[in-house]
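Please open the model in your viewer and keep the selection panel at hand. The stops below follow one another as a tour, each with something to select and something to look for.

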Amino acid sequence: MSKKIQAIRGMNDLLPKDSDLWTFVERTIADLFNAYGYKNIRTPVVEKTDTFCRAIGKATDIVEKEMYSWKDSNGDLLSLRPEGTAGCVRMMIEHNLPREGIQKVFYQGAMFRRERPQKGRYRQFHQVGLEVFGASDAKIDSELIMITHSLWKKLGLKNITLEINTLGSAAARASYRQILIDYFSMHKDQLDEDSLRRLEINPLRILDSKNNDMQALINNAPKLIEHLDGASAEHFEQFKSYLNCLNIDFVINTRLVRGLDYYNRTVFEWTTTDLGAQNTICAGGRYDDLVEKMGGKSTDAVGLAIGLERLILLLEEQNVQISNHKLTVYIMAMGNEAQFKSMQIANAIHDAVSNISIYNDISLGSFKSQFKKADKAGADFALIIGEQELNNNQVSIKPLKSQDEQQTLSLDEAIKYLKECR
Ligand code: ATP
Ligand code: MG
């Protein structure tokens with residue numbers, strides 16, 4: 001026997017049983033983002049490796065060890081996207097979009113990182129991201145927070161905390177960098193291997209370390225928020241004022257530096273205590289220097305990304321019941337002629353009634369077994385076409401979720417009935 005074929009570890013299938021939940025989440029997100037005037041964009045899954053290296057930064061987990069990269073047959077170095085912002089910025093520059101005014105966009109899709117697969121952490125996962133180009137005011141930073149806050153409400157999620165911080169300007173960060181190097185260099189004996197390596201190339205990332213033995217050292221480290229430039233401090237104050245005026249609670253986490261190199265000023269994460277170690281469901285921040293760094297005209301920018309798998313896990317963990325049930329009809333037929341008729345009827349109902357779900361029976365079994373199938377499909381009504389209905393040019397409608405009587409009606413009457421039930 002040949003070996004069983006299997007998916008790659010950390011790369012998952014979406015099974016039919018989970019698809020209603022995913023569809024509900026993706027629709028809710030897209031509708032909400034559209035409602036705030038964000039346009040959906042799509043960029044390729046594959047980009048030049050350099051696009052990611054330049055955007056994300058060399059001394060990051062992603063570029064150091066998580067990217068799926070290869071040399072293409074013509075010698076080009078290519079990578080599967082590990083995140084969405086780099087491609088989005090590349091697109092903005094290539095099509096000169098910020099020149100046309102403020103760009104508010106969102107994307108969704110699969111991202112790829114070679115990580116150790118575990119609950120909430122996969123090698124192929126899905127993000128939805130929002131990005132705004134050409135706006136510097138803290139008002140837009142808070143709009144992103146407002147939208148996500150409203151998303152958690154719409155999805156029915158609880159126990160989600162907003163953590164915010166500011167990374168200041170590039171100059172403030174550069175001088176803070178030195179302060180951090182001095183501090184950690186004094187305590188080199190307490191640093192783990194990863195942190196020793198980061199000490200020279202990206203000392204801010206040491207603050208991000210999850211190593212328990214280093215927590216006291218990190219907590220006592222000098223804080224960037226105490227070394228901010230004036231304009232960034234004011235921006236942060238504005239940001240907090242907007243959150244206050246929106247009644248959105250937050251905590252300031254001075255250790256929040258984010259994994260990627262490109263952030264400045266505002267950074268934030270929405271975290272939950274209900275998912276164990278993989279506790280961040282949404283993360284983002286400002287990246288005013290990135291467009292220029294990647295070869296475009298200087299353009300302020302801010303964005304976020306939501307991890308969909310973690311969002312779904314959280315919905316399941318919190319046992320949130322979704323309400324995207326559509327009126328569902330299961331059309332039963334008996335006999336050859338009725339099979340044809342049932343197809344015409346399905347077609348006619350779909351033409352006349354919007355937002356309805358119709359199952360054509362394809363088991364071709366007894367009525368008894370068709371009723372079982374209808375129940376399994378969660379149908380609200382069975383629409384029955386037997387010999388008698390066929391002869392009288394009628395259909396019988398039997399409510400499956402109430403004690404109401406079965407009725408035999410003309411197709412037009414049945415359509416009217418279904419419309420009223422929606
Ligand atoms: P983490 O600290 O958990 O590794 P990150 O800082 O690498 O997260 P980002 O690059 O900011 O994450 O991505 C934004 C969101 O995408 C995360 O908050 C998370 O919800 C989700 N995410 C990131 N990596 C993965 C992964 N490997 N599997 C599933 N979701 C992920
Ligand atoms: Mg990560």
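A salt bridge is counted here when a side-chain nitrogen of Lys or Arg lies within 4 Å of a carboxyl oxygen of Asp or Glu. With that in mind, select D61 and R205, whose side chains meet in a salt bridge at 3.5 Å, N to O. D61 lies in helix α3 (residues 61–66) and R205 in the loop between α7 (193–201) and α8 (215–219), so the pair ties together parts that are 144 residues apart in sequence. Helices (H or I, at least four residues) and strands (E, at least two) are DSSP runs, numbered from the N terminus.

Before going on, note that this is a predicted model, in which local features need pLDDT of at least 70 and side-chain atom pairs count only at pLDDT 80 or more, while totals for chains, interfaces and linings use all residues. Residues are numbered from 1 along each chain as its sequence is written, chains are lettered from A and ligands numbered from 1 in the order in which they are written, and side-chain values use heavy atoms, with hydrogens and water left out.

Now colour the pair by accessibility, where buried means under 20% relative accessible area, exposed over 50%, and partly exposed in between (1.4 Å probe, protein chains only). R205 is buried at 6% relative accessibility, whereas D61 is partly exposed at 21%. In the whole structure, 18 salt bridges are found.

Next, show R197 and D194, both in helix α7 and three residues apart, about one turn of the helix. Their side chains form a salt bridge at 2.6 Å, N to O, and both residues are partly exposed, R197 at 35% and D194 at 29%.

Move on to K104 and E143, joined by a salt bridge at 3.7 Å, N to O. This pair links distant parts of the chain, with K104 in strand β5 and E143 in helix α5, 39 residues apart. Is E143 buried or exposed? E143 is buried, with a relative accessible area of 18%, while K104 is partly exposed at 23%.

Most residues other than glycine have a negative phi. N96, in the loop between α4 and β5, has a positive phi of about 55 degrees although it is not a glycine. N159, in the loop between α5 and β7 (160–166), likewise has a positive phi of about 55 degrees.

Finally, zoom out to the chain, which has 15 helices and 16 strands. Its C-alpha trace spans about 90 × 60 × 45 Å along its principal axes, and 50% of its 422 residues count as buried.
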